[in-house]
Structures are given as structure tokens and as C-alpha cells.
Amino acid sequence: MTFSYRKTIFHGLIMTVVLLFVATLKSAAAVTIQAADGWLETAWVEWINMSGAQAYNVYVSPAGQNSWTQLDNELVRNYGSYGRADALGLKAGNYQLKVVPVDSKGVELTNEASVTDALDVRAHNRQGFAHMNRPTSGWTEGVGAYKNDGTLKDDAVVLYVTAQNAKDITVNWPRYEGREPVTWTGLNNVIDGFRKCIDGGGMKKPLCIRIVGTVKKDDCDKMASSQGLHIKSQAQNEEHIEMPLTLEGVGNDATLYNFGMQISNAVGVEVRNLGILLCLDDGVEISRYNTNIWIHNMDLFYGQGGSGDKVKGDGAIDTKDSRYCTISANHYFDCGKCCLVDAGDTRATFYANNLTYCGNWFDHADQRLPRLRHGEAFHVYNNYYDGNGLYGVGLASASSAFVENNWFRNCRYPIVSSVQGSDLWHIADLKAKGTKSKGVMTGEEGGVCKAYNNHIEGATSYYNQHTATSEYGLDAYEVSSREEKVPSSIVAKNGGSTYSNFDTTDGEFYACTPLATEDVPAAVTGKYGAGRCQKGDFSWEFDNAVEDKNCELIPELKSAVQNYKSKLVGFYKNATPTGIRQLSIDKGQLSIDTPIYNLAGQKVDANYKGIVIKGNKKVVQ
């Protein structure tokens, strides 16, 4: 009995050691997660590619709930030594991501799966003119293809665009209700088809176009505008039509290279999480007759450039004759002429107005941050002005701007109005140095700025009502509270315009709670701040001692932009995707020429047997 008892103990110890060894092997073989985090309505994970795994399925769940939803294949990408997945369209909250390897037979190796810790996902800031008076439900809720809670709208159509499919991505949508579908092929043609179907009534669904990796100009079917892409409704003249479209990047490396975009006659368009490198002219041109446009969390670099003041390119994000727009949380890398508003020389019937600029990082950008003309309601708040060689906020043509809770660090002229204040001081300074006497603005009528609670350090010149001289006048009228009105006695020195007091007039302003000024630099440059997810895969550190006062192009930065290359290898499951997620959106007869894809997303012919995707429907042939 004693021997048997000891033998049992000995065998038990052996079994324990064996089980521990097996458990150790399983643990060692599990997917190794190297990084994971939450971002704005997004969570992401990266892992080391493991031997024996042909692909990976990735799932997302609210933290601790074990309620897993699989991500689209196109959100799970291969970068050679590591993989990455991004879960988009999440409400604010805590989430977990689960990475499950898949073997060569398509079987999940569940014992080798790994799960992240809880990831903190936060909401985008929707305080701005773009969201003012917008519907709070239905397909036109908020701006773009997402609801105000950050999730995709009901019945939203999602397309994935890569360098490989930008020319031949194909959709079949009916232009008119009850009619047979029409085929549109190529990125610009798909956008054009969307607007025609919206106008004709054949499609009343939001569209979300997701860019994966780098898409270059030559990858696309065509350039539909002087900027590249053209997001335009069917409306003419000063009309504009609801067009709920989001153009967004996936992850930290989605890039438009050699082109940008133009938006015209549209309502409810959103562009986000994209890098734009070497654009043709403007990165984003919010062209004529738009309303409720939201451009945010973009990285803007040098354009292709020209001569003179266009050596860095033209505008980064310009706005012409459009209203109720928000330009927020964008990162401008040494851009020259950043944000021109209203390029017209005369006040049109539909001029640019009701614009918000907030949370932007003007990182050694030179001027027009923004330059405001004609409009009576511009709100500029919580931006970080970081070493700007010429000027920050510029006012002209009788404009009114409320500039509050911004941080100006070594911005030469933080706020300037045409032919007064710092603009006149600049002219006098040039004359004293014996050079030509041209102001930083262009000699047109001035505007009036209401300023509140801004931090200004390192400025060459700045005049408020307490420091202004009769010779120069003031740059801004500083108030002691947000609710204080600017008196009518405060007028533009050149032109005599007064402040509109839009921000204290019922029905003309939105609810807004700015960050405390002292929190702005850390918030804007932080994880949930300006620019793309994780600050993008390509960035640049400036030498403040050299670049704070420099308005010239930086050759090393231009070379780095020109030599940028994506590290993306492709998708694990279908290297050349169709890009189509929604499979049953249309009615009508299918054409014999309609493209056919298998369930792996590969194009096949009519002789293929099995379940296929044809005309965005699953059919058996």
C-alpha cells in the first residue's frame, strides 16, 4: 500500500510536469501580440506572423463581454514580418481584439489565439458647424456614412480600395428606383455613379469608401478634377444635394499619393484618417456650394509644388463658397499656404461662411491658418500653432472670427487683419529695413476678431485694444468671457466693418465646450489628437531652433516625402480583393457582362461552378 501510494504520487508528478510542458508549448505557439491600442472610434492590433499560419481571423468584442464579431478580411493585413487589423466604426468604450491563426485548410487554430487587454476607444469631436442642425437619425444623420455614435449607418455600403483594384473596382447600382442596375468601374467612376444614383432615386444608402495602403494617381481609373478625385453631386449652380459619403483610411498608413480631391455641390461628406503626399494642387478643395462637410484627422505634406509661393504646393485644405463645414484635428507638416477661405474677390450670394477650425496642429506651417474672407461666422479654437514663420489667423474682406483657447508658440503674427495692427507694423518694419513695403495680407479690407483665452508666446507683434496704437490699430479685441459681445465701436481700420457677434446670437452658434488652453498642446499632439491613427506611418520631427522662423521648403523633408513607400504586403486571404462588402443592395436583371467573383474575391468566368458574387449578389451557377 505504501509503495502503491508513492508510485501514484510519482506518476501524478510526471503527469503534472507533462501537462505543464504541453501548456507551455501551447502558450509559446500562441499568436504573439506586439502592440494594440484604442483610438478614435477605432481599435487596432499588431502581431508577429507565426509559422504554420496561412491567414488570421480577427474579432472584436466589448471588453469582458465575450461577444465576438469578425472583422472584414480587408481590415486584416500582412506587413511581412507582422500582421495588423483595425476595427472601425466603434462606439466610445473599452474593447478587446482576438487574433486567431488559420491553417492551410482554412481551419481556425483556436488554441493558439490571443486576446488583447481592454483598449480605450474614444469618440471624435463633433462640436462644429458641420454638425449644426443636422438630423439625428436616419440615413442623413450627422455627416458621412457614420452615425453620431461612431457606428456605420444602417444599410451603409462599404467599399475597400487598394492600389490593385482602384482601376477595376466595380459596383452595380440602379440609377432609378425599380430599374435594372448600371455598372460603374473604377474609383472615380464609382463616386460618379453614387451621385447619379442618389440623384435618380435608385439608391438611398450611405457610402463608405475605405482606402487601404497607398493609392497613387496612376493606380486610379482617371483624375476627375484638377485635384484628382471629384466628390460632386448632380446639383448645378448654387444648389447642393445630400450625399452621405465617408472617404476614410484604414489604419495608420492609408495614403493618397500624387493627388488629392475636390468636393462640389454636396451635403454631408466626411473625409478622415488619410495622408496626402505630393498632391496636384490642393490636398482637399472644398469647392463651391457645399454644406455640412467634415475634414478631420488628416496628415498633409508638401504638394508637387511650383515656383514662387507655391514651391510647397498650393492649399492644404481650401474652402470656396461653402458653408457649415468643420476642418478639425488635421496635422499640417510645413505646409505653405494652408487654409484659404473664399477665393473670390467679390462677395457672392453663396460665399464661404460658418466654418469651424479646431484641434489642428499647424506644425511649422507658414500662413493661412486659416485665412478668412467675407464670412460673418468663423470659429477658431483649440488649435496648436507650433513655430509658424509668417502668420496664424488672418482676416480680410469684412470677416468676423471668434478665436479662443488656442496655443500660439513662436507664431510670428498670431492674429492679423488686413491693413491694420501687425499688418501695418510689418509694412513699417520692412520700410525701416529698406525693403519693399508689402503687408502679410494683400491690402484688401480688414475684418474684426474676437479673442478669448489664447496663449501667445514668442510673437513678433500682437495688438489688442489695450496695446494698440492709433497708428496701427488692433489685431483682435480681447474679451473677459466667452459671452461678452464686441461693441459696435470696434471697427476694421480699413473698410470699417464691425463684428457680427454670431457667437452670442441665438440660433447662429452651436454648443461648444473648448479644452482649457493649457491642455491644448498635449491634447493636439497626443494619441487622440491631430493627424492619422498613431500619428501615421510617416512623420517628421522639426528642429525648432532652425525651422520656427523658416518659410522655405525643407529639402530633406521633400526628399523623404518623394521617397515614401508603403510597407503593406497585402491581405492574407485574397491578395487582389474586389473591395465589395455589401452583397445584396440592388434589384433588377443582371447583365451577361456583369463581373463574377468567387467567395475569395477572385474574378472568375461564367464556367466557374459554385456560389459566386455577381452584381453584388450571392448566386449559384
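Guide: The account below turns to the pockets and then to the core.

This is a predicted model, in which local features need pLDDT of at least 70 and side-chain atom pairs count only at pLDDT 80 or more, while totals for chains, interfaces and linings use all residues. Residues are numbered from 1 along each chain as its sequence is written, and side-chain values use heavy atoms, with hydrogens and water left out.

The largest pocket holds about 630 Å³ of space. On a 1 Å grid over the protein atoms alone, a pocket is an open set of points where a 1.4 Å probe fits, with protein on both sides within 12 Å along at least five of seven lines; lining residues have an atom within 4 Å of a point. Grid points are joined across faces, edges and corners, and the volume is the space filled by probe spheres set on them. The lining has 23 residues, and those closest to the centre of the pocket are Asp309, Lys337, Gln367, Leu390 and Lys438. Strand S31 (384-396) and helix H3 (422-432) are the elements that give two or more residues to this lining; helices (H or I, at least four residues) and strands (E, at least two) are DSSP runs, numbered from the N terminus. By class, the lining has seven nonpolar, six polar and 10 charged residues. Here Ala, Val, Leu, Ile, Met, Phe, Trp, Tyr, Cys and Pro count as nonpolar, Asp, Glu, Lys and Arg as charged, and the others, Gly among them, as polar.

Helix H3 also has buried residues (under 20% relative accessible area, with a 1.4 Å probe and protein chains only), including Ser422, Leu424, Ile427 and Leu430. Strand S33 (407-417) is among what covers the buried residues of H3. After H3 comes Gly434, whose phi is positive, near 80 degrees.

Ser422 is also touched by Ile415 (contact means heavy atoms within 4.5 Å). Other residues that Ile415 touches include Val393, Phe408 and Tyr462. Together with Trp173 and Tyr332, Ile415 has the most contacts inside the largest nonpolar core, which has 72 residues. Such a core is a set of buried Ala, Val, Leu, Ile, Met, Phe, Trp, Tyr and Cys residues joined through side-chain atoms within 4.5 Å. Helix H2 (residues 187-200) provides the largest share of this core, six residues. A second, separate core of 32 residues includes Ala43, Val58, Cys208 and Tyr572.

Terms used. Buried means under 20% relative accessible area, exposed over 50%, partly exposed in between (1.4 Å probe, protein chains only). Lists of a residue's contacts leave out its neighbours within four places in sequence.
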